[in-house]
Amino acid sequence: MLARARAAGAVDLEAVRRAVGAVRDPELDLALADAGMLGEVRLPRGGTVRVVLRLTTATCPLRAELIRDVRSAATAVAGVSDVEVHVEAMSETERMSLAARLRGGRGSRHPFGRESSTLVYAVGSGKGGVGKSTVTANLAVALARQGKRVGVLDADVWGWSIPQLFGVRRPPVALKGLMLPLPAHGVVLMSVGFLLEHDEPVVWRGPMLHKAIEQFLGDVHWGELDVLLIDLPPGTGDVALTLLELVPDAQLLVVTTPQPAAQHVAARVARMARDAGMPVAGVIENMSTHVCSSCDAHTPLFGAGGGERLAADIETALLGQIPLDLPLRSSGDLGVPAMVASPDAASVVEVGRIAARLPVARRSLVGRSLPLTVV
Ligand SMILES: Nc1ncnc2c1ncn2[C@@H]1O[C@H](COP(=O)(O)OP(=O)(O)OP(=O)(O)O)[C@@H](O)[C@H]1O
């Protein structure tokens, strides 16, 4: 009894507040204390701590995850034997001031302008079905596992597949005109697929499409990203040009199969992008030679050499060759990126190599105008 009382007396409420306040909200990419989500912390009895958690909305989809994290952070403090988490919703004023803080005074302008240090890669292919979205998803997880803060914008507004590949499908939380991207497997995501209840077709052309992409860049709280991967729709169309206008520093990553047909269309995409001023960061060959895991037979189902020829043709680097591999297909169908589900698969190992080869260091500031005022 005495020992329990001593333990209870030993609880340092300030330490509990610090530990719980440091828990991060993965959607906001902020610590609870900084997001104004930590309410009163009390010690009602014994070693029991009572924490008030103030969520942006009562129906917050991360409610269970946040309660769990708060509990484990508080329990880790010496003397705490039990944790009661009381959940409240923020007031309108609090939501408004949080949204303003997240926007950081930039209004509806997007955060990927010339002064941004986020590397933006538009992943394009030309021909459909070459595995562009699968490569994007797994590359994103690989980069996140290297410690990068990574976002994926599914700009494939007609054939989005990022929600399926990451196994998430729910509407994003909206905070006073700002959408919170959905966190999954260490990456934050936004896709038109999150906004539509059913798989209704989207007819977006020209200005509407431009507006939609602009909103996905500017009205989403991306946080401080190191890398943003943008999954382009197949074709040489409007989205790449829109992107170039909106994100002038975006670079193109071209995905092709070894087949000449895919290679030729991909070359057209790369040339079009380059003519418009978008640099090509490299070529990724996907669906390369299949290696049988039991008999070691090498089967070049889609031929060989397309990636190499394309890279030589458009004078860029061949970043890697991802083999045709069952785990890459099956994990996509299950909604868990192969990078998580089958880290040892040959295709996954190659995606990891490609991620390590991507230039993800901060871009040089040489020749850029800096947002400085000389007084
Ligand atoms: N290396 C690979 N090995 C085996 N299957 C693969 C590989 N890459 C992709 N796939 C499979 O090929 C199909 C097409 O892939 P994905 O949807 O990623 O292509 P895409 O280029 O994004 O298509 P689109 O742009 O037309 O939507 C999917 O079923 C995917 O699981």
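Trainee: Is strand β17 largely enclosed or open, and how many of its 6 residues are buried?

Mentor: Happy to start there, with the reminder that this is a predicted model. Strand β17 covers residues 318-323. It is largely enclosed by the rest of the structure, because the number of its 6 residues that are buried is 5.

Trainee: Which elements give two or more residues to the shell around the ligand?

Mentor: Begin with the shell itself, which has 21 residues around the ligand. Those that come nearest are G128, G131, K132, S133 and T134. The elements that give two or more residues to this shell are α5, β14 (280-288) and α12 (326-334).

Trainee: How many of the 14 residues of α5 are buried?

Mentor: Helix α5 runs over residues 132-145 and reaches 20 Å from its first C-alpha to its last, close to the 20 Å expected. Just after α5, G147 takes a positive phi of about 95°. The helix is mostly covered, and its count of buried residues is 13.

Trainee: Is L153 buried or exposed?

Mentor: L153 lies in strand β7, residues 150-154. Leaving aside neighbours within four places in sequence, its contacts are M190, F216, L228 and I230. The cut-off for a buried residue is 20 or more other C-beta atoms within 10 Å. Because L153 has 27 C-beta neighbours inside 10 Å, it counts as buried.

Trainee: And S81, which residues is it in contact with, leaving aside its neighbours within four places in sequence?

Mentor: S81 sits in the loop between α3 (63-75) and β5 (82-89). It is partly exposed, with 13 other C-beta atoms within 10 Å. Leaving aside the neighbours within four places in sequence, the residues in contact with S81 are G46, G47 and T48.

Trainee: How far apart in space are S81 and Q146, C-alpha to C-alpha?

Mentor: In sequence, S81 and Q146 are 65 residues apart. For another pair, L153 and H290 are 137 residues apart in sequence and 30 Å apart in space. For S81 and Q146, the C-alpha to C-alpha distance is 36 Å.

Trainee: How many residues does the contact take from domain 1 and from domain 2?

Mentor: The domain assignment gives domain 1 (2-90) and domain 2 (119-357). Their C-alpha centres lie 38 Å apart. The side of domain 1 that touches domain 2 divides into 4 nonpolar, 2 polar and 2 charged residues. The contact takes 8 residues from domain 1, and from domain 2 the number is 8.

Trainee: Finally, what share of the contacts with a separation of 6 or more comes from residues 24 or more positions apart?

Mentor: Let's take the protein chain as a whole, with its 14 helices and 17 strands. Of its 375 residues, 42% count as buried. Among the contacts with a separation of 6 or more, the share from residues 24 or more positions apart is 75%.

How values were computed. Residues numbered from 1 in each chain as written. Predicted model: local features only at pLDDT ≥ 70, side-chain atom pairs only at ≥ 80, totals over all residues. Helix = DSSP H or I, 4+ residues; strand = E, 2+ residues; numbered from the N terminus. Expected span 1.5 Å × (residues − 1). Buried ≥ 20, exposed ≤ 12 C-beta atoms within 10 Å, placed from the backbone. Near = placed C-beta within 6 Å. Domains from an automatic or database assignment. Contact = placed C-beta atoms within 7 Å. Nonpolar A, V, L, I, M, F, W, Y, C, P; charged D, E, K, R; others polar.
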